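Student: I'm new to this structure and would like to learn how to read it. Could you walk me through a few features?

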Amino acid sequence: MRMDALSLPFALPLIAILRGITPADVPAHVGALVEEGYDAIEIPTNSPDWTRSVRIAAEGFGGRALIGAGTVLTTADVDMLVAAGGRLVVTPNTRPPVIRHAVARGLQVAAGVATASEAFDALDAGAQMLKLFPASVYGPAMVRALRSVLPPVPLFAVGGVTPDTLSGYLSAGGQGAGIGGELYTPGQSVERTREHARRFRQAYLDHAA
């Protein structure tokens, strides 16, 4: 099965990670990403006042993008995300109780995994998507190895992925990527965010062509 044929709750398989963003910067940067075609955006829980940022993003752009939180570590994080209007949970690790709780609350979950055992534990807990993290440590070979044993579930490479390395992960069987520091760093201009977003989108489109 072609990985791009797998069902996703968003169209562009690039999850934008806005680690460290402040509530005041959310409208401009999220707006720019949505204008560039990004429809999956996460604000990590170790960002300043992250629940407020999620709420602002969800209220302003929830009709055009799946808004959620990353670095979700506890069931309390999940409940705060729901209260803020988020619909996407991204974890850095595999914690079945957190995954089950998020799924029970109707959220989409991309669970962080580093081994086949963690991947299957995450799927057993109900995760709809997996993320290999940190991808730059394992490389495309790990994506290929995981894909050989996994069912046809969306698998994202996250952590250190660049526009130049994205194609390798896609060729190995990944469906997309989560892009963080290579997309956004706190304090950068909206124009820089837009420029980085375009480079990643073009890299994805070039591979898919």
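Tutor: Happy to. Let's begin with a term: contact means heavy atoms within 4.5 Å. Keep in mind too that this is a predicted model.

Student: Let's move to α3, then. Which of its residues are buried?

Tutor: In α3 the buried residues are Asp77, Val78, Leu81 and Ala84. They span an arc of only 125° around the axis, which puts them on the same side of α3. Among the elements covering them are α2, β3 (66-69), β4 and α4. Just after α3 there's a glycine to spot as well: Gly85 takes a positive phi of about 95°.

Student: Asp77 is a charged residue in that list. How do I read its surroundings?

Tutor: Start with the general idea: side chains of opposite charge can pair when their charged atoms come close. Asp77, though buried, has no salt bridge. The nearest side chain of opposite charge belongs to Arg95, 7.1 Å away, while a salt bridge needs a nitrogen and an oxygen within 4 Å.

Student: What lies 3.0 Å from a polar atom of the Asp77 side chain?

Tutor: That's the backbone nitrogen of Leu73. Setting aside neighbours within four places in sequence, Asp77 also contacts Thr45, Trp50, Thr71 and Val72.

Student: Where is Thr45, and is it buried or exposed?

Tutor: You'll find Thr45 in the loop between β2 (40-42) and α2 (50-61). With a relative accessibility of 16%, Thr45 counts as buried. Again leaving out neighbours within four places, Thr45 is in contact with Trp50, Ala69, Gly70, Thr71, Val72 and Asp77.

Student: Now for charges that do pair. How many salt bridges are there in the whole structure?

Tutor: A search of the whole structure turns up six. In one of them, Glu35 pairs with Arg194, and their closest N and O atoms are 2.9 Å apart. Glu35 lies in helix α1 (residues 26-35) and Arg194 in helix α9 (residues 190-208), so this pair ties together parts 159 residues apart in sequence. Glu35 is exposed at 55% relative accessible area, whereas Arg194 is partly exposed at 22%.

Student: What does Glu36 pair with?

Tutor: Glu36 meets Arg198 in a salt bridge, 3.1 Å from N to O. Glu36 sits in the loop between α1 and β2 and Arg198 in helix α9, so parts 162 residues apart in sequence are tied together. Glu36 counts as buried at 5% relative accessibility, and Arg198 is partly exposed at 43%.

Student: Last topic: how should I read the nonpolar residues?

Tutor: In soluble globular proteins, nonpolar side chains tend to be buried together. Here the largest nonpolar core has 58 residues, and those touching the most other members are Leu14, Val30, Leu33, Tyr38, Ile41, Leu130 and Leu166. Take Leu166: not counting residues up to four places away in sequence, it touches Leu14, Val161, Ala177, Phe200, Ala203 and Tyr204. There's also a second, separate core of twelve residues, including Ile15, Ile17, Leu66 and Ala110.

Terms used
Residues are numbered from 1 along each chain as its sequence is written. This is a predicted model: local features need pLDDT of at least 70, side-chain atom pairs count only at pLDDT 80 or more; totals for chains, interfaces and linings use all residues. Side-chain values use heavy atoms; hydrogens and water are left out. Buried means under 20% relative accessible area, exposed over 50%, partly exposed in between (1.4 Å probe, protein chains only). Lys and Arg count as positive and Asp and Glu as negative; His and the chain ends are not counted. A polar contact is a pair of N or O atoms within 3.5 Å; within protein, one must be able to donate a hydrogen and the other to accept it, and residues adjacent in sequence count only if both atoms are side-chain atoms. A nonpolar core is a set of buried Ala, Val, Leu, Ile, Met, Phe, Trp, Tyr and Cys residues joined through side-chain atoms within 4.5 Å. Helices (H or I, at least four residues) and strands (E, at least two) are DSSP runs, numbered from the N terminus. The arc is that of the directions from the helix axis to the C-beta atoms.
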